[in-house]
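Thank you all for coming this morning.

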Amino acid sequence: MATSLSDRNTPSAVEDRSGTIEIAGVRKTYYDRTGAENTVFSDVDLTVRPGEFLSLLGPSGCGKTTLLKMIAGLTPIDEGTITVRDKLVDGPLAECSVVFQSFALLPWSTVIKNVAFGLRLRGASRNEREGRAKELIDLVGLTGSENKYPAQLSGGMQQRVGLARALAVNPSVLLMDEPFSALDEQTRGFMQEELLSLWERTKLQVVFVTHSIEEALLLSDRIVVLGIHPGGIREVVTPPFPRPRTRNTVRDPEFGELSTQLWEMLRSMKEEDGST
Amino acid sequence: MTAALVSETTTRSDRGSRRSASKAGRRGPASGSRRGSQWSWRIRKVVYPLLLLGVLLVLWQYSVSQMENRLLIPTFTEVAEAMGPTVRNGDTWHALWVSNQALLAGFVAALVLGIPAGLALGRVSVLERIFNAYIDILLVLPMAAVIPLLVAQFGLGLFTRSLVVFLFAFVMIVVNARAGIRSIDPTLIEMTRSNGGGEPQVWRHVLLPGSVPALLAGARIGLSRAITGMVVGELILIPAGVGNLIKQYSGFLDAPSLYALIALVLVESLVLIALANLLERKLLAWRRR
């Protein structure tokens with residue numbers, strides 16, 4: 001218990017802020033067709049440290065994907081500011097790469113062209129981007145599939161392409177929006193392990209949206225739990241498991257305990273929501 | 001005792017062989033005979049449609065020959081006989097030439113104006129809101145009713161005939177282009193923007209390639225509508241081309257020539273649509289798994 005639901009939003013004023021993502025006083029409000037406003041969250045403050053793997057966890061409707069897309073510069077910030085490595089987010093930043101839930105591959109382009117797409121938009125020459133794309137295709141284990149079309153690949157392979165495309169542009173921040181939720185359980189397990197080993201080698205700053213408690217516990221340095229009605233940060237959990245982690249980490253007795261606590265927390269939110 | 005044992009073994013092997021037989025059936029025959037079955041599949045693909053055509057022609061021939069009073073209904077053989085003279089007749093080719101001028105001009109204009117219009121409607125919601133009602137009107141408007149107005153305004157020349165073709169094809173091309181843009185996964189646009197792409201890159205890398213299937217479908221449907229428009233315009237009011245010749249033949253009660261001419265127009269249409277299909281298959285290779 002002591003290790004778990006405790007260190008809410010540790011102030012990081014003493015730390016060097018140059019490599020951080022600073023989210024300060026952020027609000028998101030949607031208006032429905034009748035003009036009625038629905039504030040998903042407000043006054044969200046959060047610091048993502050350099051090299052940190054941070055997960056956003058919460059029930060559907062809590063705005064975890066919205067917050068991620070705000071960091072990505074894809075969704076307007078209604079109030080407050082987000083800075084990524086001292087750059088104010090006002091549209092997509094070159095530092096950030098996004099991995100999408102639905103993979104977002106161009107179906108009319110081959111694997112190598114999909115992986116090279118980010119580099120192409122950044123103006124890299126053909127040789128440069130194809131060389132780099134080949135490296136990344138090897139890294140994610142898709143050697144030999146360069147000239148296949150996405151429809152010819154399994155879901156897991158498609159998301160490897162999505163990951164390779166995101167990494168090809170050498171980002172300092174990786175923003176992942178439920179990247180494995182569309183995959184079957186076994187494939188998801190393999191992808192989680194691969195992401196772990198990749199992250200442990202590169203120490204990229206990762207913001208990872210998930211609705212899976214187990215996935216968040218297995219991968220993250222910190223888990224930020226978002227609530228609904230009212231929205232915003234409810235809790236910050238620090239999974240204490242030593243790295244490097246593998247699938248065996250789930251057998252840690254504390255894993256089960258934390259998992260139960262988080263589950264209770266999400267369930268109580270659902271009950272609150274039902275009563276209102 | 002022995003009898004029981006024997007019967008048991010036979011039933012067991014029976015069951016085994018049945019199982020393996022059904023397995024083989026499910027998986028398809030081994031490679032040698034698979035080539036054979038592929039052949040027969042190919043032959044069937046050609047033979048069955050031809051068979052249907054044959055049956056229809058025989059039915060045509062038989063049922064019409066049984067009719068007592070048939071003023072404008074020829075038998076198949078009469079049409080086939082008339083085909084030779086019709087093909088050799090200079091009037092036929094002149095009529096086709098005149099009609100096709102309007103088809104070409106009207107259809108190309110419909111493509112050139114309809115594709116950008118549909119793409120813009122699909123992307124810009126303000127335009128969509130302004131023009132939606134007019135698109136619906138164009139869709140339900142009976143074009144035949146408009147032709148007299150066009151003739152009154154623009155006369156009986158090539159321009160009016162092209163305009164009729166244009167009006168028949170335009171809406172279909174617009175509606176399909178609009179649907180093409182709307183069918184594109186918005187995540188692809190987000191992905192492009194997250195990589196620093198602006199609206200021009202979104203169009204170049206996502207919207208245009210993504211709407212190609214719908215544009216081709218629109219062109220194909222638009223083409224068949226354009227051909228209809230070409231003949232209908234000439235039949236209703238404008239004395240020119242194929243429509244005019246059709247009216248002449250039916251005036252002389254020359255049914256075999258009439259149907260031979262219609263058959264020629266059908267052949268032309270089928271060839272054009274086959275070309276459109278071929279283009280579609282070439283451009284959409286990525287869709288095949």
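This is a predicted model: local features need pLDDT of at least 70, side-chain atom pairs count only at pLDDT 80 or more; totals for chains, interfaces and linings use all residues.

Between the two chains, 18 residues of chain A are in contact with 15 residues of chain B, where contact means that the C-beta atoms of two residues, placed from the backbone, lie within 7 Å. On the chain A side, the largest share, three residues, comes from helix H3 (residues 117-121) of chain A, a helix being a DSSP run of H or I with at least four residues, numbered from the N terminus.

Residues are numbered from 1 along each chain as its sequence is written, and chains are lettered from A and ligands numbered from 1 in the order in which they are written.

Turning to chain B, we find 11 helices and zero strands, a strand being a DSSP run of E with at least two residues. Of the 289 residues of chain B, 29% count as buried, that is, with 20 or more other C-beta atoms, placed from the backbone, within 10 Å of their own. Among contacts in chain B with a separation of 6 or more, 76% come from residues 24 or more positions apart.

Finally, how do H9(B) and H10(B) pass each other, in a left-handed or a right-handed crossing? The crossing is right-handed, meaning that the near helix is turned clockwise from the far one by less than a right angle.

Definitions and conventions: A residue is buried if 20 or more other C-beta atoms lie within 10 Å of its own, exposed if 12 or fewer, and partly exposed in between; C-beta atoms are placed from the backbone.
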